[in-house]
Amino acid sequence: MARFAVLVFPGTNCEGDVLHAIEAVTGQPAALVWHKEGSLDGFDAAVVPGGFAHGDYLRAGGLARFSPVMEPLIEMAESGRAVVGICNGFQILQEAGLLPGAMLRNVSLSYVCRDVRLRVEANSSPLTCGLAPGTTLRMPVGHAEGNFRADDDVLEALEADEQVIFRYCDDGGEASDAANPNGSRNNIAGVRNARGNVAALMPHPDRAYEEALGGVDGCRLFESLHRFTES
Amino acid sequence: MRDAATLEAALASGLSTEEFRQIGTLLGRPPNPTELGMFSAMWSEHCSYKSSRRHLARFPTESPRVIEGPGENAGAVDIGHGLAAVFKVESHNHPTFIEPFQGAATGVGGILRDIFTMGARPVALMNSLRFGPLSLPKNRALFTGAVAGIANYGNSMGIPTIGGEVFFEDCYSLNPLVNAFALGIAPADRIFRARAEAPGSPVWCVGSKTGRDGIHGASMASAAFDEEAEAKRPTVQVGDPFLEKLLMEACLELMQGDALIAVQDMGAAGLTCSTSEVASRGGAGVEIDLDHVAQRETGMNAYEIMLSESQERMLLVVRSGREAEVTRIFDKWDLDAAPIGSVSGDGLLRVRHQGQVAAEVPCRALTDDAPAFDRPAARPSWWPSPEVTPADLPEPTDWNAVVRELAGSPELASRRFVYEQYDHMVRSDTVVRPGGDAGVVRIKGKELGIAMTLDGNGRYTARDPRRGGALAVAEACRNLAAVGATPVGATNCLNFGNPERPEIMWEFTEAIAGMTEALEALAVPITGGNVSFYNETEGQNIFPTPVVGVVGVLDDATRRIAQHFAAAGDLLFLAGPEGGDALGASAFLKEHHGRTDGRPPKPDLDAEVRLGAFLRAAGAAGLAASARDLSEGGLAAAAVESLFAPDGSRLGAELQVECAGRLEGTLLGEGPARALLSVRPGDAEALAALAAREGVPLAAVGSVGGDALRIRVNGSRIVSLDLDGLADVFRNSLGRMALA
């Protein structure tokens with residue numbers, strides 16, 4: 001059995017979706033953890049869900065890294081357990097220094113909510129360990145700041161080290177400009193850390209876990225996460 | 001108390017000489033300036049409904065499902081499973097014209113507070129928007145600014161915006177409309193009401209600090225604009241959706257227990273309105289001390305504190321002895337919460353400030369005793385609008401061009417540019433996304449789905465207010481039926497011009513009459529709503545624009561009818577009365593001929609009732625692969641809309657129709673009570689039998705499939721538009737116009 005922590009900051013709004021998706025897909029228990037908690041003892045993995053933590057004031061994720069729960073979260077990452085971010089969770093993990101790069105505003109300068117297609121680039125992460133590279137998945141995005149940036153040398157190292165785990169692609173699997181919803185460099189939709197236990201993506205697997213929602217591809221990511229915690 | 005206010009001050013604040021005299025009579029003395037400000041806000045059209053109250057009483061408001069009708073912060077209907085849907089629509093028109101981003105954003109914030117004030121967790125938003133033509137840069141700024149503001153607030157709150165409408169007409173250039181709808185879910189037996197009882201109970205102010213923003217917003221919203229309108233920017237409130245998210249969570253957490261007697265949100269007229277309304281509903285009084293109100297700025301006087309419309313604040317009436325629970329929960333969410341006074345038994349609103357009594361007014365004088373007018377109404381000389389028929393129009397020669405033009409027109413193009421800026425999937429309950437006739441959210445763990453739609457056609461109402469009112473209700477109910485849902489309750493936002501003009505009052509009373517006829521025929525009660533008068537700038541009035549929000553239930557959300565074509569080979573059927581070729585006030589007239597005249601189609605309410613029953617039965621039996629109501633743009637528009645699904649998939653179709661005379665009416669007529677269905681070939685016979693049983697005419701009009709939209713008339717093909725090109729025109733035109 002694995003226990004999942006789902007972090008809740010003031011302004012987080014996808015905690016219910018993530019909790020429900022984890023329980024529905026993996027059958028494992030998950031619990032909401034308030035940002036003022038100082039411990040994540042007893043949890044095998046943590047998910048930082050989407051929303052607007054601390055109102056996205058300063059910048060997305062910029063204040064959340066000062067919340068008390070970040071200390072045990074960083075310890076968790078250092079211990080090799082799985083730490084995963086979705087959307088605003090991705091931004092928070094970047095701001096906390098657990099993942100590379102930063103997010104700019106979308107090139108459209110607008111929030112964008114729609115289905116995108118993703119190509120799995122590497123299976124060396126908690127979100128992709130059950131997926132074959134080259135697999136394409138469909139799920140929604142919903143963000144205003146998902147435009148992934150990193151310096152040329154950082155980007156080169158990320159690519160060389162296969163730390164890019166998802167890329168936006170078109171129906172044919174091509175990482176084309178037209179398929180890029182926000183202007184991310186190299187169509188990057190998700191990355192992992194060097195060690196391979198911290199990973200995040202901008203799209204929402206927590207909105208694609210039942211046919212009623214228009215797709216079930218998000219299940220594959222939660223299945224991977226479950227598998228990672230058991231390995 | 002300070003000196004008495006003068007008649008000049010009263011007139012300057014929007015009150016009439018007669019009203020000023022009436023205040024003196026109610027108080028037994030002249031009001032002081034603070035009291036005058038309180039009366040000016042509470043007796044404004046916006047707060048008092050003084051021109052509309054007697055007319056609104058005509059709406060049907062009862063049904064076995066209604067838990068809370070008009071009068072509370074929002075209406076509530078029983079949706080089964082022990083749950084209630086709590087919903088309302090409200091306007092934020094005037095603030096949006098002055099400052100589109102904040103004006104529209106705080107419209108969303110305000111309507112959400114109305115919902116969670118009732119103890120309901122908001123689960124869906126919609127909005128209805130009107131702007132002037134996008135050819136003018138100012139209108140593009142208003143449109144994009146308002147959409148961005150709505151997106152910012154709703155997205156940050158984590159509540160999906162799942163539907164709505166936007167239209168463009170010249171008359172909205174100087175007076176855009178922003179109507180925001182919200183719906184929440186509460187246990188049916190735990191609806192909170194805003195009635196102060198039990199004298200001695202502490203009254204708390206929670207949430208944001210009080211500042212000088214929005215002072216006299218209610219009065220501003222109750223007057224016509226002139227060229228100085230933009231100088232009124234300080235009367236627009238500034239929203240903080242993050243704070244409201246925290247306030248919502250804190251309130252809902254507190255409402256889990258029973259520490260609260262009453263909750264009232266602070267919207268228009270701020271502390272004045274919330275204290276006097278909560279007290280007069282409960283037959284009580286309230287005494288508050290403004291020194292205990294957390295303030296954002298120094299040196300605020302009683303007038304400013306009482307009339308501030310700072311956002312994200314709530315008034316709580318707490319059970320004596322339970323204050324610690326309030327403190328604990330608001331501390332958790334890092335929000336200000338302080339007792340500012342208590343409920344009294346004397347019926348007075350007594351306001352203390354810096355050791356003095358700053359105001360002392362009977363609560364009822366501000367609320368129930370507000371004036372109510374029976375303003376004169378007079379039919380305008382242009383009535384009735386002349387009919388427009390194809391014989392009056394030059395005949396189109398290139399139907400490919402006509403269909404392409406309409407598919408990319410401001411009236412009919414996809415609203416993707418708008419709804420993709422709204423988070424419409426957060427909460428992972430959205431089972432019918434925007435872009436269909438109605439949005440649907442499910443309730444996790446239950447089969448239940450809740451469908452909702454927001455509809456109005458100002459052009460129709462302008463040319464025939466009675467028909468327009470009835471057609472707005474009929475279309476909303478038809479939209480719900482098209483997803484398979486049963487309407488259970490309605491809310492409305494009545495956007496009209498200056499009620500002091502008799503022809504405007506005539507439009508208003510006629511529209512209400514039409515809406516009432518349709519609501520009664522379709523057995524849908526009104527549970528609340530909002531009136532926005534004085535939508536007049538520089539003497540120009542908007543089209544009368546009643547907007548109707550109807551909520552429906554789907555007992556089994558998995559049985560919802562899809563909104564887009566499902567499979568090649570499916571057959572197309574047009575359900576509903578023949579002869580729906582009316583072109584008066586149609587989208588085709590407007591977009592192709594540049595005319596907004598003519599008389600809208602005659603409502604056929606019996607046919608609407610039959611069509612609704614037929615669509616729901618077809619949905620429940622799984623006989624409809626997709627359905628679309630016919631409205632603006634008629635059959636051709638319904639076909640175009642059905643081609644492109646929100647997940648990016650697409651299917652072509654061929655429409656085949658017979659037409660003895662001119663084609664415009666057949667393809668683009670807007671006759672009511674009709675829907676386009678796609679059906680698996682094997683189900684066609686059963687569908688025809690069902691239609692016969694329900695008394696709904698059904699005509700075969702083609703099939704789904706191919707890589708184009710094709711239209712064949714009397715056997716010959718007049719339209720063939722490839723899907724790639726049509727998709728670009730339909731899906732991207734509105735964005736191109738907005739960002740030009």
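Ala692(B) counts as exposed because 12 C-beta neighbours lie inside 10 Å, and a residue with 12 or fewer is classed as exposed. The model is a predicted one. Ala692(B) belongs to helix α24 of chain B, which covers residues 684-694.

- Chain B is divided into domain 1, made of 1-55 + 194-370, and domain 2, made of 377-413 + 561-740.
- Between the C-alpha centres of domain 1 of chain B and domain 2 of chain B there are 49 Å.
- Ala692(B) and Phe131(B) are 561 residues apart along the chain, and their C-alpha atoms are separated by 43 Å.

**Contact between chains A and B**

- Chain B gives 25 residues to the contact, and chain A gives 24 residues.
- On the side of chain B that touches chain A, the elements that give two or more residues are α8 (137-157) and α10 (241-254) of chain B.
- That side of chain B consists of nine nonpolar, eight polar and eight charged residues.

**Helix α10(B): length and burial**

- The 14 residues of α10(B) should span 20 Å at 1.5 Å a residue, and the end C-alpha atoms of α10(B) are 20 Å apart, which agrees.
- Because 11 of its 14 residues are buried, α10(B) is largely enclosed by the rest of the structure.
- The buried residues of α10(B) are Pro241(B), Leu243(B), Glu244(B), Lys245(B), Leu246(B), Leu247(B), Met248(B), Glu249(B), Ala250(B), Cys251(B) and Leu254(B).
- These buried residues pack against the helices α7 (100-116), α8 and α13 (323-332) of chain B, and against the strands β7 (202-207), β8 (260-265) and β10 (313-318) of chain B.

**Packing of α10(B) with α8(B)**

- The axes of α8(B) and α10(B) come within 9 Å and cross at roughly 35°.
- The crossing of these two helices, α8(B) and α10(B), is right-handed.
- From α8(B), the contact takes Asn152(B), Tyr153(B), Ser156(B) and Met157(B); from α10(B), it takes Pro241(B), Phe242(B), Glu244(B) and Lys245(B).
- By class, the residues of the contact of α8(B) with α10(B) are four nonpolar, two polar and two charged.

**Packing of α10(B) with α13(B)**

- The axes of α10(B) and α13(B) come within 9 Å and cross at roughly 145°.
- The crossing of α10(B) with α13(B) is right-handed.
- Ala250(B), Glu253(B) and Leu254(B) of α10(B) meet Glu325(B), Val326(B), Ile329(B) and Phe330(B) of α13(B).
- The contact of α10(B) with α13(B) has five nonpolar and two charged residues, and no polar ones.

**Helix α11(B)**

- Helix α11 of chain B has 12 residues (residues 270-281), which at 1.5 Å a residue should span 16 Å; the end C-alpha atoms of α11(B) are 17 Å apart, which agrees.
- α11(B) is mostly covered, with 12 of its 12 residues buried.
- Among the buried residues of α11(B) are Gly270(B), Leu271(B), Val278(B) and Ala279(B), and also Glu277(B) and Arg281(B).
- Gly283(B), which follows α11(B), has a positive phi near 65°.

How values were computed: Residues are numbered from 1 along each chain as its sequence is written. Chains are lettered from A and ligands numbered from 1 in the order in which they are written. This is a predicted model: local features need pLDDT of at least 70, side-chain atom pairs count only at pLDDT 80 or more; totals for chains, interfaces and linings use all residues. Two residues are in contact if their C-beta atoms, placed from the backbone, lie within 7 Å. Helices (H or I, at least four residues) and strands (E, at least two) are DSSP runs, numbered from the N terminus. Ala, Val, Leu, Ile, Met, Phe, Trp, Tyr, Cys and Pro count as nonpolar, Asp, Glu, Lys and Arg as charged, and the others, Gly among them, as polar. Axes are lines fitted to C-alpha atoms, for helices over the stretch in contact, and angles run from 0 to 180 degrees between N-to-C directions. A crossing is left-handed if the near helix is turned anticlockwise from the far one by less than a right angle, and right-handed if clockwise. The expected span of a helix is 1.5 Å times one less than its number of residues. A residue is buried if 20 or more other C-beta atoms lie within 10 Å of its own, exposed if 12 or fewer, and partly exposed in between; C-beta atoms are placed from the backbone. Domain bounds come from an automatic or database domain assignment.
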